[in-house]
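Hi,

Here is the structure I promised to pass on.

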Amino acid sequence: MVLKKELMNKKQNNHAWREKLTNILAQFANYLLILIIALVIGALVMYLSGRDPISAYGALWEGAFGNGYRFADTLDRSTIMILAGIAGSIAFRTNIINLGLEGQLYIGAFTAAWVGFTFTNLPSIVHIPLCIIAGILGGALWTLPVLYLKLRWKIPELVPTLMLNYIAIRLTDYLIAFPFRDPTAPMAGSPLVAASARLPKLIKGSTINIGFIIAIVLIFISYWFIFKTKVGYEMRMVGLNQDFAAAAGLPVKKSIILAMLMSGGIIGLGGALMILGFFGRFLGGFSSGYGWDGFMIAIVAQNHPFAVFPAALFFGALANGALTMQSVTGVPQAVVAMVKGTLVLFVTVKIFLENIRKGLKKWVM
Amino acid sequence: MVEALSVKNITKTFPGVVANDNVSLSIEKGTIRAIVGENGAGKTTLMNIIYGLYHPDSGQIFIDRQEVTFLSPRDAIAKGIGMVHQHFKLVPSYTLAQNIALGVEPRKGILINETALNNNVQEIAQKYGFNINEKEVTANVSVGEQQRAEILKALYRGVEILVLDEPTAVLTDIETKELFVMLRNLVKQGITILFISHKLREVVEISDDISVMRAGKLVGTVKRSATNERQLAEMMVGRETIGGRIRKQSQKGQLVMDIKDLSVCDNRDLKAVNNVSLDLYCGEIVGGAGVDGNGQEEFVEALLGLRDISTGKIRIDGQEVQDLSTRKIRESGVAYIPSDRYRSGVAIDASIWENMVPGEYYVKPYSNGLSLVMPEIIQMSDNLIKKFNVSTPGIEIKTGNLSGGNIQRVIAARELGLEKAKVVIASQPTRGIDIAGTEAIRQMLVDYANRGAAVLVISADLDEILALSDRIVVFYEGLVIDAGYYDKDIRQRVGWLMTSGKDHGVEEGTHEQKAK
Amino acid sequence: MGNVDLRSILTIALFASALRMATPIIFATMGGIFSSHTGIFNVGLEGMMLIGSFFAVYGSVQTGSAYGGLLYAIIACLVVSLLFAVLHLELKANPIIVGLALNIFAVGMTNYLLTALLEVYGVYKTDLIVGFNELEIPLINQIPILGKLISGHFPLVYFSFVSVYIVYLILYKTPFGFHLRAVGEKIDAAESIGVNTKKMKYYGLLVSGLFCAFGGTFLSLSYLTLFSEEMTAGRGWLALAAINFGRMRPVPSLMACLVFGFADALAVRLQQFGLPSQVVLMLPYIMTVIVLFISAIIAERRKKSSLKKGEEDVEFSPS
């Protein structure tokens, strides 16, 4: 009798293990499939407009991973992608449609820059954290109007967050055109931040700096936060079913507020790292849509911090490689936006996954 | 006899279940045929096949002795069959006339001819003796009038066979009587009626013949004059089980929850709960009877802090709780089984343990500082699912993968399993659950009361109320009226109160009574 | 900063430009209303309009006529909305994400083609682009004040107002409209009378594409005859706010569009008075938030009047 039960248990465990394996393989295959679709579509557009996709993609790869320095630069580009992706993930997991990452990025970048160029007599060890905190606060505070509209007036955040993007860009444009204008800047920009606020570089010959380390650390922190803490649990449940969370006594309002503030704060951090690590000053139009990259990465990574890393790396590689691609083959960088967009277009298609899973099941089970 | 409709050897299978197993029956024109059976017996599937929504795997359908095949409801309507669904298919913002004529609107060029529309509808209404305000917006009329519109929708298209799916589920006793009068009138005009129900008393009252289904098979057809409720129940269930009174004896203890002068508004800011007072005592089960929509939902939500209160006080063990958060109210000892388990009971994409711990995760030993202590959580969840017989391969799987009955067990396990609650509020706890699950959950509630908690069961299923309650109150248009303790006449008292808010024999004007 | 006299700001010319600047928003709004009524909140209006703008210019150069440009825009937008429809209705992708991804894709594609096809960066402007000409209406243009307001607009401006009426007529006065709206409001009712709900949803999305083509064409072939990167500047989002404000009804939504058009026109006018462009250009977006705010206040007040026996609030929003 005992032997039979043991056999039954073993069979069940075996079954469960095979099922899990099937699921993981199916997910992997699905991602591969949509990646191929995205790259093919990009290639198609290039071909139809008289360009050679093979050499374009080749140059892209070279530019991103061609040598050690380029690889380090790719990692540097990935820093903002990681932070944007996590910012998006935290919001989406709580079912907050924060489309205002771009605006929060600009505000956070500016506040960090402000602390960077306003205070000139601080040691690095104090100045850098101060700037970073300013960046976080800037990004987070920029979400307050949306929170007010949502919580008090039940106005969904989708449109207000978008509007605040345009307002943020124009606001910061104004600030660097008038009160904080630096006439010596090559394009419209703020004064340079003090040397004490610049992030130490990691590798000579590349732009990579400690910002990358900060981003990696944040991946682990956000994993722990989302899955291992009380507040993370609350936010996840509110995101999965707000009615259930309320009926069960979970603090719904607090979770919404935290999710929005954290989302803005993390991408504000990203803005700070961009200014302190790469640009050295707040430059008008410095963001080539990183807020939207954050949205896309979060969707592709299904809001999981560990999946954000490879997605962010991919986006960073595209960003870095695209420069080389454009200068070497003349293919405009914008083709990369098309590849990214296509990826996201197909990533929520469930049918591929279902069919792949069915096929794999026959093979694995 | 003139045969209106018959089906021969209809079989329909869905993945894992044979919904209809070789069913054959024949219905005479101008009669009312009731199809009865428990949840899952196959009645609705059969009706959906007759109506053209489903295609049978095998078998034939005959209308006026001609074989027909339906590819869609449009074909069925063309052949003269119309269905009135349990959940109305009316667009809330359209007028009744617009809904009735939806799909067959009279036209003036490419535009709708509004005058013709309203006139045609009035004509049909008068022809069949229906009273209806066709220009009223559907969302603003009573449930009874909406049902009349649903019926007219079918008659407008010239149907001669009307299929009604659980039509009395949402009606009060008075509205039900009105419906039956209308059905008798229709039959006199030659309309044939198929009536699905599980309410044997009504079926015996209105039908000419009754077909009983069980587990997909047709058990038999009897003439109303030749049968009674008891026999039908036996045919339905296969064994003698009616009047299942589970509650044997009770021991009333002290007052634990007292609700005074509670008024609550609904989502449209209209008063849904009107100056209600109710006392709940330890060890006592109070049954809240009443058709859906008389304020039950708003009342329960107010008790749990999920809805704002206009006036009133709610006290638990003497402490006022009406202004507290849901969490604090639950910490005072309130357990809640919500009526809509998919909306408020669980998060279907979350794992079982995630649905098990919302009440405990934030205290020791389930959390430590900022973090969750997973081993403790896992163990607690494991224990609870074993204790409550939840059938699942593990606690990591998505809760949505479980059956309805098992999900309800998870909810019961969460709310009742740790035996901490002083007050249990269960709203429609066995709605849509299979027989075994229903019995289990009812027994859980009784056990909990026996252990000394106060239990409030709100249910639109009168049989459930009668099976469980020590004392019954009736929800009627925002009032909660005491029907007294369970005795042999309670059914009648409750029936009167559900219909009119007045106890039979009580003078006009004294319609508000406090529960003792 | 010049003399800011209200009289000199609120001129007839200002209101006339308000009408002109409302036009693309009106088109996008009408398109969005169509698909909202089938239950799909189309957040891709912005990208669809941008594609319309690009292909209108491209088509204008290729065919040598403004209407030729319009035709190219219509085809391009229909293709894009068909893609949206297939992704959502056949491949079961999430419509909000598809819409947003479409916007990103549209920006990428138009920027790419700007360089790869038209061989410029940032802005494409040449004399080869043939735009629409303003229409003077005889007799009306002689009415003092009102004449300047109504006459002298581009044909698409007039058409945008006509389209509001057409949309109203179709949705609320034809059987097709009733069937379509049932799909979004109570899909069971639509299915029970044999409406092909998937087909209706296709129509909803294709019609939004069609309207976005008109809106985009107007942007690049009327007052301005050029294409610049991301020239739709958020009008697709303003349309969503207008739809929300008007609770998916054409005429109330039109009101919001006029307010947005006015804000746009005011922003331009104020710049002429020396106010910094960056600040003034915030105006339309701030206005949008205010409009949403007002509709929320009205909604709250509407609920509080328990005496009002109006229609059920058929609100449509994704969150």
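Below is what I found, grouped by topic.

First, some housekeeping: this is a predicted model, so to speak of local features I need pLDDT of at least 70, side-chain atom pairs count only at pLDDT 80 or more, and totals for chains, interfaces and linings use all residues. Residues are numbered from 1 along each chain as its sequence is written, chains are lettered from A and ligands numbered from 1 in the order in which they are written, and side-chain values use heavy atoms, with hydrogens and water left out.

**Strands in chain B**

On one side, β16(B) runs antiparallel to β13(B), residues 255-265, and five bridges join them (two strands pair if DSSP finds at least two bridges between them). Across that pairing, Arg315(B) has Asp258(B) opposite it.

β16(B) also pairs with β17(B), residues 319-320, again in the antiparallel sense, over two bridges. Here the bridge partner of Arg315(B) is Glu320(B). The two strands form a hairpin with two residues between them, and Asp317(B) in the turn has a positive phi of about 50 degrees.

**Salt bridges**

Arg315(B) and Glu320(B) turn up again here, as they form a salt bridge with the closest N and O atoms 3.6 Å apart (a salt bridge is a side-chain nitrogen of Lys or Arg within 4 Å of a carboxyl oxygen of Asp or Glu). Arg315(B) is partly exposed at 22% relative accessible area, and Glu320(B) is partly exposed at 40% (buried means under 20%, exposed over 50%, and partly exposed in between, with a 1.4 Å probe and protein chains only). Both residues belong to a network of salt bridges that also links Asp258(B), Lys260(B) and Lys313(B).

How many salt bridges does the structure hold over all chains? The count is 32. Two from chain A are worth a look:

- Glu234(A) pairs with Lys254(A), with 3.4 Å between the closest N and O atoms. This pair links distant parts of the chain, as Glu234(A) is in helix α9 (residues 230-240) and Lys254(A) is in helix α11 (residues 252-279), 20 residues apart. Glu234(A) is buried at 4% relative accessible area, whereas Lys254(A) is partly exposed at 40%.
- Arg70(A) pairs with Glu62(A), with the closest N and O atoms 3.5 Å apart. Arg70(A) is partly exposed at 31%, and Glu62(A) is partly exposed at 41%.

**A buried serine in chain A**

Ser78(A) sits in helix α3(A), residues 68-93, and is buried, with a relative accessible area of 1%. What does Ser78(A) contact, leaving aside its neighbours within four places in sequence? Its partners are Ala312(A), Leu313(A) and Gly316(A) (contact means heavy atoms within 4.5 Å).

**Aromatic rings**

There are 40 aromatic pairs over all chains (rings of Phe, Tyr and Trp, the last by its six-membered ring, pair if their centres lie within 6.5 Å; planes under 30 degrees apart count as stacked, over 60 as edge-to-face and the rest as tilted). One of them is stacked: Phe27(C) with Phe214(C), 5.6 Å centre to centre and 25 degrees between the planes. That pair links distant parts of the chain, with Phe27(C) in helix α2(C) (residues 12-36) and Phe214(C) in helix α10(C) (residues 197-221), 187 residues apart. Phe27(C) is buried at 0%, and Phe214(C) is buried at 13%.

Phe55(C) and Tyr58(C) are edge-to-face, because their ring centres are 6.4 Å apart and their planes stand at 90 degrees. Both lie in helix α3(C), residues 45-63, three residues apart, which is about one turn of the helix. Phe55(C) counts as buried at 17%.

Over in chain A, one aromatic cluster is formed by Tyr106(A), Phe110(A), Phe117(A), Phe180(A), Phe278(A), Phe279(A), Phe282(A) and Phe286(A).

Cheers

Definitions and conventions:
Helix = DSSP H or I, 4+ residues; strand = E, 2+ residues; numbered from the N terminus.
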